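User: Hey, I'm new to this one. Can you put it up and walk me through it?

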Amino acid sequence: MADVIIVGGGLAGTVVASRLHQRKPALTIVLIEAGPDPTGHAHVDNPAEASLLHFSDLDYQYFTTPQQNLDGKSKYNCGAKSLGGGSVINNGGWIRGDAHDYDDWARDVGDARWSYEGLLPYFKRSEKHFDSGAEPLQHGFDGPVHTASVSSTGRRYPLRDTTLNLWSQLDLPHIHDLNDGRPQGISDLVENWRDGKRQIAPSMYPLEGVRVLTETLVRRVIMDEKKTTTGVELDTGETINLKEGGQVVISAGAYRTPQVLMLSGIGDATQLSQHGIPLTVDLPHVGQNLHDHLMVHRYWKLRHPEKGLAIGSPLFSGPNYGKGGPIDFLVRAPIPAEPLKAAIERDDGPVSDDHPLLNGPRTHLEMLLLYVVFGTEDQGLTIPLDGRSVTTMFMGCLPTSRGSVTLASTDPADHPVIDPNYYATEMDRHVMREGWRMQSRVIFETQEGREMFEREHTPPGFPVLGTDASDEQIDARIRMAGSTVYHPAGTSAMGSVVDGSLRVFGTQGLRVVDAGVIPKPLAAHYQAPVYAIAEQAVDIILDECFP
Ligand SMILES: Cc1cc2nc3c(=O)[nH]c(=O)nc-3n(C[C@H](O)[C@H](O)[C@H](O)COP(=O)(O)OP(=O)(O)OC[C@H]3O[C@@H](n4cnc5c(N)ncnc54)[C@H](O)[C@@H]3O)c2cc1C
């Protein structure tokens, strides 16, 4: 019998288990994770080898349904299957995002705990910020997650000044704190690598004192006739029961939490009946509202590769290069309001000037330049890793396209059906075209760009597009090249599946704590927000259940 059972020992589940035990050692806590303990697994310790974990035994290896707006392609989606979840396989970017997004979320759900100010204590609680002189109102200095900026690690890449000059042509300021809630501008990338090593959630949030079951799959949550949660059933048929007044927390991630809910009879009544699952709570929004960030890579041949400017050249080496990704800056930008408004109106009809996506201004685009080429095969390109070429990326931060996660079968081991419905709205197409054009402008039309790059490597059959390219030409490239940044969220959204205390509507003793509760996209990368959400969840659970 347990006081708290946590389904999914990923990023959020680990934090919840660890903190609950730390704060209330008398609680009996069981953490159940489908994947293995990754200790000693090849490629985990070195975040530079993250891509070698794709298609490994620590990856669910999801593929989406054919994406209508991405030329009908089914897209690969890496999903962590491991104790520590995404913290074991992710790239380590530590990007909190824009205060406006959290404030919009809090306004929508009518709960100030999820505003930027509401989450700030939890961002701080999770963080050991690299700069001890930074603003203490914004940063934590004794949390478990060590962060580091490019400069703080002592990395000094040969193209740093040139890259800064290039991005400065966008008329954005050079800012010194990416993570103070006002991220618009050009800033050093921040990561949670520690001396070049990955920090996985269970190493930062220890699990001693928690009963941890790895390689154990939960089939469903068990409820009594009053819809009070009494325990969970594993795929083996074994059950683990709750003590009276106990809590089940589902932290199985944005793809799998809806699956567990639906297998428990919580979801859309019609879909459940198609699978012969007895209905417990008719909650049609379970698995709906899937949102994700779409990005596009472009590849560029450098004009002076002999200077050793990128990975692949023997000259590209420095004392601290192993301490982070081969990137200097993250660029985060708003876009002009009038054309954006017109795009939103093409989707939704007339909107006022204080529409939330127009106000702020919001951070609609992220861009960066990597001193390496990767992912070229997705675009049918073969570019040698010889230090002669680099990659740029841009990402739409606040997409309005929404997809879904539905059941493929009643077997919890089967992948759910994942349809992100990428690039489905005029607003998203407009933002991505803006990103394309901004990059093209700085690269093709500035002296800095022309001096830095010799030419673009274009995918077979696609011409180089100048800044005068039409919307249709740009769309064709984006449809071919668009891919995920691995930020699925929204499928157990606050406001429609869970309330502000993360309780599943219509049930007792059941909560969701993971990326799925984020109701709308954030201009963030989701590990920092998910650590903060999980930290806040612990306070809520202790206050409401175990005072
Ligand atoms: C390849 C990749 C790169 C990324 N890069 C970055 C980055 O650089 N920066 C950033 O901020 N974010 C990044 N992310 C995103 C970030 O890691 C995720 O947003 C975060 O891990 C989400 O946490 P979560 O707790 O919601 O889910 P997860 O961490 O995915 O945890 C869910 C866990 O639940 C387990 N589970 C699922 N179903 C069951 C079941 N039925 N029974 C038992 N256990 C179950 C899973 O095995 C998994 O371990 C990346 C993600 C990926 C995949």
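User: How far is the side chain of E33 from the ligand?
Analyst: This is a predicted model, and in it an N or O atom in the E33 side chain sits 2.6 Å from an oxygen atom of the ligand.

User: What about N90, how far is a polar side-chain atom there from a ligand oxygen?
Analyst: For N90 the distance is 3.2 Å.

User: OK, how much of the ligand does the protein bury?
Analyst: The protein buries 94% of the 1000 Å² that the ligand exposes when taken alone.

User: Which residues come nearest to the ligand?
Analyst: There are 36 residues around the ligand, and A12, E33, Y60, G86 and Q527 come nearest.

User: What kinds of residues make up that shell?
Analyst: The shell has 16 nonpolar, 16 polar and 4 charged residues.

User: Which helices supply at least two residues each?
Analyst: α1 (11–23), α6 (253–263) and α12 (527–545) each do. The largest share comes from α6, with 3 residues.

User: Switching topic. Where does UniProt put the active site?
Analyst: The unreviewed UniProt entry places the feature "active site" at H487 and H525.

User: Why say those gather at one spot?
Analyst: They span 39 residues in sequence, but no two of their C-alpha atoms are more than 7.0 Å apart, so they do come together.

User: Where is H487 found?
Analyst: H487 is in the loop between β23 (483–484) and β24 (510–512).

User: What residues does UniProt list for the "Glucose-methanol-choline oxidoreductase N-terminal" domain?
Analyst: The unreviewed entry lists residues 80–103 and 253–267 under that name.

User: How much helix and strand is in each stretch?
Analyst: Residues 80–103 are 21% helix and 0% strand, with the end C-alpha atoms 29 Å apart. Residues 253–267 are 73% helix and 13% strand, and there the end C-alpha atoms are 16 Å apart.

User: Last one: at what angle do α2 and α3 pack?
Analyst: About 115°, with the axes of α2 (residues 99–109) and α3 (residues 116–126) 8 Å apart.

User: Which residues make that contact?
Analyst: A99, Y102, D103 and W105 come from α2, while Y116, L119 and F123 come from α3. By class, the contact of α2 with α3 has 6 nonpolar, no polar and 1 charged residues.

Technical notes. Residues are numbered from 1 along each chain as its sequence is written. This is a predicted model: local features need pLDDT of at least 70, side-chain atom pairs count only at pLDDT 80 or more; totals for chains, interfaces and linings use all residues. Side-chain values use heavy atoms; hydrogens and water are left out. UniProt positions are given in the numbering used here, feature names are shortened, and annotations may be inferred rather than shown by experiment. Helices (H or I, at least four residues) and strands (E, at least two) are DSSP runs, numbered from the N terminus. A residue is near a molecule or strand if one of its heavy atoms lies within 4 Å of it. A polar contact is a pair of N or O atoms within 3.5 Å; within protein, one must be able to donate a hydrogen and the other to accept it, and residues adjacent in sequence count only if both atoms are side-chain atoms. Accessible areas come from the Shrake-Rupley method with a 1.4 Å probe; for residues, only the protein chains shown count as cover. Ala, Val, Leu, Ile, Met, Phe, Trp, Tyr, Cys and Pro count as nonpolar, Asp, Glu, Lys and Arg as charged, and the others, Gly among them, as polar. Axes are lines fitted to C-alpha atoms, for helices over the stretch in contact, and angles run from 0 to 180 degrees between N-to-C directions. Contact means heavy atoms within 4.5 Å.
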